[in-house]
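Dear colleague,

Please find below the structure I am handing over to you, with its sequence. My notes on what was found in it follow.

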Amino acid sequence: MQDGEPLVDMNAPVRLRDRPGWIYLIQEFEMMYRLGSAGGSKAIPSHRKRVRDALGKVIDEGPEVIARTPEDKPVTAHLGRAFDLGDRGPMSGMSRALERVAPLLTWEYGYEKVPKALAQKYAYCEVLGPRGPVVSDRITLGFVLFAPNTTYPQHSHHDIEESYVSVAGAWSENELAVYAPGSLILNVPGHEHRITTGEHDPCLLAYAWIGPADKLTAPGMKFSKTKKRVEQGI
Ligand SMILES: [Fe+2]
């Protein structure tokens, strides 16, 4: 080392710019919310813009990246197949970018009580949010993975606007439509929704949550107690 050469501070926080795998994944989200038709919806372009604006601010701030303990759940046995399917479809860039960081992902349930059958067939991981790995309380980005033949019970999100984008596999929300890779579904706050997946393939969805920082920090996820008539979209 030469005199005057700057020293590396080993205790300095790790920033997003130091972790290309996370940067490329977040770039895929940014692109996903920039491109594509809104199918005539007025709500979807404004949601997309809110996501992009939040992401732009997060990137400008140079967020910290914290190390979370990688964790698998039973459903992650289906993740390889989800990547294989994702790679064949319109979301291949996102699928590959996630596959590159797959060993770092922390898969969890997010509920205090999870029905036993669902614990085998569902898990989610966050990539950006108040709990990291990329730390911000402006927005939460993550992925949900479902095994084939899964019903994810009815629920809603208070004060949180949620969108899902299919990465691999087909799925249905409230059993009234089938969504293929590339589809974007917006769930406004309070909208009750239930997810079902097809017989043969796993399903991988990317999601974004926009809402007040305290709600993103403690979303208080609960399944809906009374089974409302989902056909009414309430
Ligand atoms: Fe949801």
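**The sheet**

Leu128 has Leu141, in β3, as its bridge partner. This is a predicted model, in which local features need pLDDT of at least 70, side-chain atom pairs count only at pLDDT 80 or more, and totals for chains, interfaces and linings use all residues. Residue numbers start from 1 along each chain, as its sequence is written. Helices (H or I, at least four residues) and strands (E, at least two) are DSSP runs, numbered from the N terminus. Two strands are taken to pair if DSSP finds at least two bridges between them.

β1 and β3 run antiparallel and are joined by 6 bridges. β3 also runs antiparallel to β10, through 7 bridges. Two residues of β10 can be named here: Leu205 is the bridge partner of Val144, and Leu204 is that of Leu145. A further 7 bridges join β10 to β5, again antiparallel. In that pairing Leu205 of β10 is the partner of Ser166.

Where do these strands sit in the sheet order? The sheet is open, has 6 strands and mixed pairing, and runs β2-β1-β3-β10-β5-β8. β2 (134-135) and β8 are the edge strands, each pairing on one side only. Helix α1 packs on the sheet and touches β1, β2, β3, β5 and β10; the direction of α1 makes about 95 degrees with that of β1. Such angles run from 0 to 180 degrees between N-to-C directions, with axes fitted as lines to C-alpha atoms, for helices over the stretch in contact.

For burial, a residue is buried if 20 or more other C-beta atoms lie within 10 Å of its own, exposed if 12 or fewer, and partly exposed in between, with C-beta atoms placed from the backbone. β3 (residues 140-146) is mostly covered, with 6 of its 7 residues buried. β10 is mostly covered too: 7 of its 8 residues are buried.

**Helix α2**

α2 covers residues 43-61, 19 residues in total, and reaches 27 Å from its first C-alpha to its last, close to the 27 Å expected at 1.5 Å a residue. The expected span is 1.5 Å times one less than the number of residues. The buried residues of α2 are His47, Arg48, Val51, Ala54, Leu55 and Val58. Seen down the helix axis, the buried residues of α2 fall within an arc of 130 degrees, so they line one face; the arc is that of the directions from the helix axis to the C-beta atoms. Pro45, Lys49, Gly56 and Asp60 are exposed, on the face of α2 turned away from its buried side.

What do the buried residues of α2 pack against? They pack against α1 (20-32), β1 (122-129), β5 (161-168), β8 (184-187) and β10 (203-210). A contact means that the C-beta atoms of two residues, placed from the backbone, lie within 7 Å. Gly62 follows α2 and has a positive phi, near 60 degrees.

**Two single residues**

Leu25 is in helix α1. Leu25 counts as buried because it has 25 C-beta neighbours inside 10 Å. Leaving out residues up to four places away in sequence, Leu25 touches Ala97, Leu98, Val101 and Val127. Leu25 and Ala97 are 72 residues apart in sequence, yet 5.3 Å apart in space, C-alpha to C-alpha.

Ser156 is in the loop between β4 (151-155) and β5. Ser156 has 19 C-beta neighbours inside 10 Å and therefore counts as partly exposed. With residues up to four places away in sequence not counted, Ser156 touches Gly190, His191, Glu192, His193 and Ser224.

**The protein as a whole**

The secondary structure comes to 6 helices and 10 strands. The radius of gyration is 18 Å, close to the 17 Å that the globule rule gives for 234 residues, so the protein is as compact as a globular protein of that length. This radius is taken over C-alpha atoms, and the globule rule is 2.2 Å times the number of residues to the power 0.38. Along the principal axes, the C-alpha atoms fill a box of roughly 70 × 35 × 35 Å. Buried residues make up 33% of the 234 residues. Of the contacts with a separation of 6 or more, 76% come from residues 24 or more positions apart.

Regards
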